[in-house]
Amino acid sequence: MSETAAPAAPVLSTATGSAKHGRRRAARLALRALQVLLALFYAVASALPKLIAYPAAMESFDRIGWGSAGMYAIGALELAGAIALVTPVLQAVAAMALSGLMVGAFIVQLTVFDGQNAATPLILMVPLVLIAWARREQNARLWGLVRGRM
């Protein structure tokens with residue numbers, strides 16, 4: 001009797017473990033896809049117009065009072081964040097830094113542009129915070145690299 005009862009538990013735990021592994025893999029792939037989409041958004045839709053001095057971007061930064069220097073600086077930060085968002089060791093830090101930029105964008109939208117499009121930076125912060133939290137283990141690895149202990 002004990003011979004028939006013993007194999008049932010490992011088969012069940014293997015099936016459960018396999019399903020759990022499959023969900024984790026799917027979650028990792030979904031998170032990676034989200035990172036790539038956000039990186040493309042920041043590089044193409046946000047940084048590029050600033051870096052090529054698109055007239056609408058120039059108008060916005062002139063209205064803020066930062067001029068072309070501020071526009072190029074923000075565009076460079078967004079492009080660097082986009083690249084770092086898909087660089088494994090920099091993912092969490094990039095998400096936190098881009099979240100900081102979005103806080104600034106939200107404040108500017110409220111104060112300079114009377115709240116027009118103020119929800120956009122807040123909406124973008126949601127996936128960025130998720131990425132920063134999910135990839136938080138990369139911070140220890142990055143800290144080790146910075147300190148020279150990899």
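Visitor: Does Ala119 count as buried, exposed or partly exposed, and at what relative accessibility?
Guide: The model is a predicted one. Ala119 lies in helix α6, which spans residues 119-134. Buried means under 20% relative accessible area and exposed means over 50%, with partly exposed in between. Ala119 falls in between, so the class is partly exposed, at a relative accessibility of 45%.

Visitor: How far apart in space are Ala119 and Gln109?
Guide: In sequence, Ala119 and Gln109 are separated by 10 residues. In space, taken from C-alpha to C-alpha, the separation of Ala119 and Gln109 is 8.8 Å.

Visitor: How many helices and strands are there in the protein chain?
Guide: Read from the N terminus on, the elements run α-α-α-α-α-α-α. The count for the protein chain is 0 strands and 7 helices.

Visitor: Are Lys50 and Glu78 buried or exposed?
Guide: The cut-off for buried is under 20% relative accessible area. Lys50 has 12%, so Lys50 is below that cut-off. Glu78 has 5% relative accessibility, so Glu78 also counts as buried. For Lys50 and Glu78 the class is buried.

Visitor: Which helix supplies the largest share of the nonpolar patch?
Guide: The patch covers about 1000 Å² of surface, and its residues include Val36, Leu40, Leu48, Tyr72 and Ile83. Two helices each supply at least two of the patch residues: α2 (8-51) and α4 (67-85). The largest share, 6 residues, comes from α2.

Visitor: Where is Tyr54 placed?
Guide: Tyr54 is one of the residues of the nonpolar patch. With a relative accessible area of 48%, Tyr54 is partly exposed. Its place is in the loop between α2 and α3 (55-64).

Visitor: What percentage of the contacts with a separation of 6 or more comes from residues 24 or more positions apart?
Guide: A contact here means heavy atoms within 4.5 Å. Among contacts in the protein chain with a separation of 6 or more, residues 24 or more positions apart account for 65%.

Notes
Residues numbered from 1 in each chain as written. Predicted model: local features only at pLDDT ≥ 70, side-chain atom pairs only at ≥ 80, totals over all residues. Heavy atoms only, no water. Patch = residues over 30% accessible without salt bridge, like charges linked within 9 Å, V, L, I, M, F, W, Y side chains within 5 Å. Areas by Shrake-Rupley, 256 points an atom, 1.4 Å probe, with all protein chains shown as cover. Salt bridge = Lys/Arg side-chain N within 4 Å of Asp/Glu carboxyl O. Helix = DSSP H or I, 4+ residues; strand = E, 2+ residues; numbered from the N terminus. Buried < 20%, exposed > 50% of the residue type's maximum accessible area, 1.4 Å probe, protein only.
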